[in-house]
Amino acid sequence: MSDQQPYELAHDADPVVQDSDDDSSSILEDDDLTVVPPALSTNKSRGRVGRRLMGLIAALLGLIGCLVSVILVLFLLRTALGVGDAADDLMEPISSSVDRLETRVDQTDDLVGRSGVDAADLDQLSARADGLADLADGAQRSFSAIIDHPVYRWLPIDLESLSGDLTTIEQSSTSIAQTARSGADNGRIPTADVSRVRDQLNDLQAGFGQLRASVEAGRDSLVRWIRLATLAGVALALWSLWAQSWLMRRGWRGMLGHAP
């Protein structure tokens with residue numbers, strides 16, 4: 001018999017077991033059953049929360065943008081339908097001033113005869129001439145309200161003819177008022193001045209037809225450019241509506257955790 005005896009492992013010996021705590025802290029399973037380290041899993045969880053939060057913000061902004069775009073489209077369409085009324089409202093003060101100017105010119109002309117102005121009519125002539133100058137100044141202010149409008153002043157509206165006619169009326173009215181006031185102070189108006197005043201009044205009377213044509217041309221130009229600007233605004237608002245709806249859809253998908 002050999003001196004060497006075989007070594008036998010005890011069947012009841014405990015196997016060597018590694019501490020499971022070390023492994024449990026090193027790997028985790030992700031939502032798709034992919035084993036990932038805990039640090040990466042935490043970062044991915046934070047990333048998902050961040051993406052969903054950004055998706056929620058984008059969806060809210062897109063929704064608000066869509067509502068604003070729809071309101072803007074409706075407002076612009078309403079403006080386009082009522083563009084004629086808007087133009088009439090802007091030009092109405094000038095049209096009314098033209099009517100009053102024509103009446104006052106006729107009243108002033110009644111006091112200026114070929115032989116001059118009666119001394120008893122000098123004060124009345126001065127008052128009417130001052131009223132004529134005030135009306136001309138009011139028409140000019142109404143015109144300035146159009147060209148200084150916060151919206152319509154950016155439109156290339158053709159108002160040159162109207163501007164020139166109103167300027168001529170204002171200058172003539174101011175000159176007539178100065179002459180009449182001087183005559184009332186001195187008790188008489190020189191013959192040369194009477195002739196000049198009469199010519200100016202005749203020119204004003206003859207120019208009201210052209211002035212009304214200029215007002216109508218300005219109105220037509222205003223209507224045309226307001227309509228074009230409104231259509232351009234509608235197109236821009238519709239593009240904004242599409243862009244905001246796209247943002248809202250992307251935000252909704254991000255909020256649900258879907259891929260963009």
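Biologist: Let's start with the contacts: what share of those with a separation of 6 or more comes from residues 24 or more positions apart?
Modeller: Bear in mind that this is a predicted model. Taking the contacts in the protein chain with a separation of 6 or more, I look at those between residues 24 or more positions apart. Their share is 79%.

Biologist: How much of the protein chain counts as buried?
Modeller: The accessible surface comes to about 16900 Å², with 57% of that belonging to carbon and sulfur atoms. Buried residues are a separate tally, taken over the 260 residues of the chain. That tally comes to 32%.

Biologist: Now helix α5: how far does it reach from its first C-alpha to its last?
Modeller: Helix α5 covers residues 160–186, which is 27 residues. At 1.5 Å a residue the expected span is 39 Å. The model's own value is close to that, at 39 Å.

Biologist: Which residue takes a positive phi just after α5?
Modeller: The helix itself ends at residue 186. Just after α5 there is a phi of about 85°, and the residue that takes it is G187.

Biologist: Which residues line the largest cavity?
Modeller: There is one cavity of 30 Å³ or more by the rule used here, and the largest cavity holds about 40 Å³ of space. Its lining divides into eight nonpolar residues, one polar and no charged. By name, the lining is V112, V117, L125, I176, T179, A180, I189, V194 and V197.

Biologist: Which helix gives the largest share of that cavity's lining?
Modeller: α5 and α6 each supply at least two residues of the lining. I176, T179 and A180 are in the lining, and those names also turn up among the buried residues of α5. The largest share, three residues, comes from α5.

Biologist: Over to the second largest pocket: which helices each supply at least two residues of its lining?
Modeller: The lining is F75, L76, T79, H149, V151, Y152, W154, L155, I226, A229 and T230. F75, L76 and T79 have numbers in the 38–81 range, and I226, A229 and T230 have numbers in the 191–255 range. The helices are α2 and α6.

Biologist: How does R249 count at 46% relative accessibility?
Modeller: R249 lies in helix α6. Buried needs under 20% and exposed needs over 50%. Because its 46% falls in between, R249 counts as partly exposed.

Biologist: And what is the C-alpha to C-alpha distance between R249 and G62?
Modeller: In sequence, R249 and G62 are 187 residues apart. In space, C-alpha to C-alpha, they are apart by 8.0 Å.

Notes: Residues numbered from 1 in each chain as written. Predicted model: local features only at pLDDT ≥ 70, side-chain atom pairs only at ≥ 80, totals over all residues. Heavy atoms only, no water. 1 Å grid on protein atoms, 1.4 Å probe; cavity = no way out; pocket = protein on both sides within 12 Å on 5 of 7 lines; lining within 4 Å. Helix = DSSP H or I, 4+ residues; strand = E, 2+ residues; numbered from the N terminus. Buried < 20%, exposed > 50% of the residue type's maximum accessible area, 1.4 Å probe, protein only. Contact = heavy atoms within 4.5 Å. Areas by Shrake-Rupley, 256 points an atom, 1.4 Å probe, with all protein chains shown as cover. Expected span 1.5 Å × (residues − 1). Points joined across faces, edges and corners; volume = space filled by probe spheres on them. Nonpolar A, V, L, I, M, F, W, Y, C, P; charged D, E, K, R; others polar.
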